[in-house]
Amino acid sequence: MTARIFRLFIPLLAVAAAALCSMAIIALSGRDPLMICEKLFRAAFASDYGAGQVLFKTTTLIFTGLAVALPFRARLFNVGGEGQLQLAALAAAITGALLPESLPPVVAVLFSAFAAMAAGGLWGASAGLLKVRFGVNEVISTIMLNFIAQAATGYLMSWRFAEPSTGHTAETGGAFMLPQIDDLFGLFAGSPANISLLIALGTALCAALYLFRSRAGYELQAVGLQPEAAKYAGIQSGRHVTAVMGLAGAIAGLGALNLVSGYKHYYEAGLTGGFGFSGIAVALLAGANPLWIVPAALFFGLLEYGGLAVGAYVPKDIFMIIQALTILIVIVLNARKP
Amino acid sequence: MENAIRLTALSKKFGTVEACRSVSLSIRSGSIHAVVGENGAGKSTLARLIYGMHRPDGGTMEINGTPVSFASPAEAIAAGIGMVHQHFMLVPTLTVAENVTLGLEKKRLFFPLDPEGSAESIRQLSLKYGLAVDPLAPVSTLSVGEEQRVEILKVLYRNARILILDEPTAVLTPQETSRLFAMLRSLAGEGKTILIITHKLDEVLALADTVTVMSRGSVTGTLSCKETSKEELARMMVGRSVLLRIENPPSTPGETVLSVENLGFRTAAGLVKLEKVSFCIRSGEIFGLAGVEGNGQSELLSLLWGIHDRSGQLSGKMLFEGADITGRSPGEIARLGVSLVPEDRLKHAVVPGFSVAGNMIFGRHREKRFHQGFGFDRREVAEYSRNLGGTYDVRCTDHENTPLGALSGGNQQKVVVARELDRPGLKLLILSQPTRGVDIGAIEQIHRSIIGARDQGAAILLVSSELDELIALSTRIGALYQGSIRRIFSPEEVREGRKRGRPFEEELGLSIT
């Protein structure tokens with residue numbers, strides 16, 4: 001029993017331990033850690049703009065975190081969130097730009113979302129298929145698919161879709177934007193936080209229902225926990241592997257909604273900026289539980305934005321160190337025998 | 001005589017479970033001492049405490065009169081204790097000699113070994129104790145009995161004076177068992193102390209000098225084997241008198257349900273695993289399949305359940321109610337009204353991390369009665385689990401929140417048996433080692449349910465390495481040897497044999513070796 005309670009507190013312990021380490025590193029770099037902390041929290045929470053920025057980053061991280069967490073339950077490690085998100089973002093931007101201006105905004109956004117999910121989903125599902133059909137380890141295939149996605153978007157941008165004057169794709173019409181949270185609730189004025197946040201929360205809830213309440217989730221967990229027994233019970237694990245990888249890719253793709261439809265309205269190189277990879281950290285910190293993904297994403301969102309905000313005092317690299325340390329400590333604590 | 005091992009008030013807790021409660025025990029030097037008990041009674045924990053695999057929470061231990069406290073098996077080995085585990089720990093690609101000397105090469109890393117020298121010393125050791133085995137044979141070519149001899153050689157090579165054996169006869173034929181016992185007696189005659197952990201009361205009485213009965217983590221009593229009986233030991237183990245012989249009224253077989261015709265299976269590497277296997281099972285009869293592990297039973301079962309290695313080559317036919325089921329998936333076969341209780345329940349039949357209720361429907365979760373929307377009707381599932389658990393005496397209070405892994409082995413097996421026997425429209429029940437690693441109380445319960453299913457008209461295929469179980473339950477018995485059925489004992493022969501007892505067991509044992 002004590003072991004179970006201890007496990008519940010692992011993420012908090014890891015965060016606290018990593019924070020202490022980072023304080024020490026900041027002190028070593030010649031800055032007063034408490035001052036940096038204060039600046040960070042002030043930047044993130046004292047202004048509407050700062051809080052909105054944190055939530056904007058949190059939104060993408062919820063999507064990419066879920067994209068790692070769900071396959072994790074079937075003992076699959078999806079490291080391909082970045083590539084899935086990249087392709088999805090390009091697909092969403094191109095779809096948005098190609099649609100006629102006369103379409104009602106809701107329909108246009110739905111089209112973009114569909115294009116994003118299809119692109120990400122296909123990318124994820126192909127890793128699943130490679131595993132089921134040819135036994136290719138999904139870690140290797142998703143890394144390779146990341147490279148392909150990176151190169152393909154680069155190629156498509158330079159040779160086809162980027163406008164020479166701006167270096168990014170054509171902007172979608174203003175009507176195709178997702179409403180900002182500011183527009184709806186009068187909160188977080190001037191920040192890029194948009195209603196994708198609500199979509200992200202809804203997706204996390206649906207993912208939890210799928211995993212813990214649905215028959216598909218029951219079978220999926222059996223495949224993850226006891227693959228041999230699942231086979232004996234007549235569960236077709238191949239289908240689950242392909243499906244969950246496709247689903248993960250589609251969810252990572254939804255992150256494009258936040259970046260493109262909610263914020264930039266176009267695609268440019270570097271737009272996805274490593275969100276796909278940070279999703280791995282989010283999922284590990286959350287113990288692959290879809291509901292815990294939300295606070296974990298918030299924590300990493302805070303670090304991502306806060307790191308930028310105090311960039312004048314300490315290099316942003318220190319915050320990357322905190323992120324990585326947190327995850328290492330989580331893994332070490334989990335591996336510890338109770 | 002002095003004591004080789006003396007335990008005083010030894011205790012060990014796992015979480016809230018007291019696996020050993022203040023166990024005090026003395027084992028005389030040079031004696032054969034047996035520890036018996038139900039599953040979860042704490043025998044294996046006790047052995048692991050002595051061998052240094054677990055550290056006790058309290059109490060003291062003395063080896064040959066010296067107080068000790070082992071932090072690891074390495075320290076126990078240094079103190080002259082050796083253990084032969086239930087599951088052998090050998091490297092199949094290495095030779096017998098290499099396995100025995102592994103870790104004691106007496107050479108520096110990267111320096112050449114001395115294979116002839118070690119083979120010679122092992123040959124002498126095996127001659128001395130009558131452990132016939134070729135030191136240069138690769139372990140992968142050995143039989144199970146020979147593998148066990150290698151394990152014992154490993155222990156002797158390390159100069160152990162105290163041997164602990166955990167369920168040593170689980171995988172042996174009667175002939176191999178008597179050979180093992182003769183060897184253990186000669187070891188004891190040499191002054192070695194032997195501690196044997198087992199379920200089988202017959203063997204205890206045949207082999208041991210002293211027996212300790214454990215129940216729920218405590219010692220119920222230590223007796224001299226000369227002065228006790230099987231019935232007395234059984235009573236001490238379960239706290240009530242159990243029927244060691246099951247009521248088995250004559251059966252009335254009906255239509256043929258399963259018929260296997262000239263079934264053959266050859267692996268991709270060309271090894272013949274099954275050859276011309278033919279038998280049929282009628283509704284209302286139990287067809288027992290006797291055989292030592294590795295003679296084709298696992299291949300036969302995986303073919304019947306549709307999970308065989310698809311790269312292998314299959315010949316012959318498997319007809320279920322006249323329709324060929326070759327190449328169908330487990331889900332499709334189950335839908336026909338077929339249930340399987342696989343041998344390795346932890347790996348193949350349950351998900352230990354799921355709740356008891358979640359396991360009670362595992363594999364049957366496609367049945368509409370458990371469904372609601374995209375998910376399960378959780379109240380129905382919980383109620384079903386509680387009811388079925390009640391019928392089969394599964395000891396668990398909260399079916400929805402207790403993970404199955406928290407139950408004892410016997411209770412886990414009752415969950416599997418309950419689930420598979422309760423399958424709607426059950427026509428064929430395939431059971432593999434249904435009572436392995438299960439305590440006496442649960443064995444009785446499971447045997448009664450098997451007879452019950454037979455009387456309800458199910459056709460039953462029973463694969464077991466326990467000959468007395470096969471004889472007690474089966475209508476007919478097939479003897480499987482090297483992938484073929486060597487002989488099928490008719491209902492009359494089995495009925496006669498049940499009365500003859502031991503001689504029939506020997507006859508059956510001969511036909512599978």
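Which helix of chain B is largely enclosed by the rest of the structure? In this predicted model, helix α1 of chain B, spanning residues 43-50, is largely enclosed because six of its eight residues are buried, where buried denotes a relative accessible area under 20%, exposed over 50% and partly exposed the range in between, computed with a 1.4 Å probe on protein chains only. The buried positions of α1(B) are K43(B), T45(B), L46(B), A47(B), L49(B) and I50(B), and just after this helix G52(B) adopts a positive phi of about 80 degrees. Helices (H or I, at least four residues) and strands (E, at least two) are taken as DSSP runs and numbered from the N terminus.

Residues are numbered from 1 along each chain as its sequence is written, while chains are lettered from A and ligands numbered from 1 in the order in which they are written. As the model is predicted, local features require pLDDT of at least 70 and side-chain atom pairs count only at pLDDT 80 or more, whereas totals for chains, interfaces and linings use all residues; side-chain values rest on heavy atoms, with hydrogens and water left out.

Between the two chains, 17 residues of chain A are in contact with 27 residues of chain B, contact being defined as heavy atoms within 4.5 Å. The two chains bury about 2,000 Å² between them, with 61% of this area on carbon and sulfur atoms; buried area is the accessible area (1.4 Å probe) lost by two parts on being put together, summed over both. On the side of chain A, R215(A), Y218(A) and Y232(A) lose the most area to chain B, together accounting for 42% of what that side buries. Zero salt bridges are counted between chain A and chain B, a salt bridge being a side-chain nitrogen of Lys or Arg within 4 Å of a carboxyl oxygen of Asp or Glu. By contrast, 13 residue pairs are in polar contact between these chains, both residues at pLDDT 80 or more; a polar contact is a pair of N or O atoms within 3.5 Å, for which, within protein, one atom must be able to donate a hydrogen and the other to accept it, and residues adjacent in sequence count only if both atoms are side-chain atoms. The elements giving two or more residues to the side of chain A that touches chain B are α9 (215-225) and α10 (227-232) of chain A, and α9(A) gives the most, with six residues.

Within chain A, T169(A) is located in the loop between α6 (138-161) and α7 (181-185) and is buried, with a relative accessible area of 2%. A polar atom of the T169(A) side chain lies 2.8 Å from the backbone nitrogen of Y267(A); residues up to four places away in sequence aside, T169(A) touches L90(A), A93(A), M157(A), F161(A), A162(A), E163(A), Y266(A) and Y267(A). In helix α6 of chain A is found N146(A), which counts as buried at 10% relative accessibility. Beyond its neighbours within four places in sequence, N146(A) is in contact with V79(A), G80(A), E82(A), G83(A), W123(A) and F277(A).

In chain B, S121(B) lies in helix α4, residues 115-129, and counts as partly exposed at 29% relative accessibility. A polar atom of its side chain lies 2.9 Å from the backbone oxygen of S118(B).
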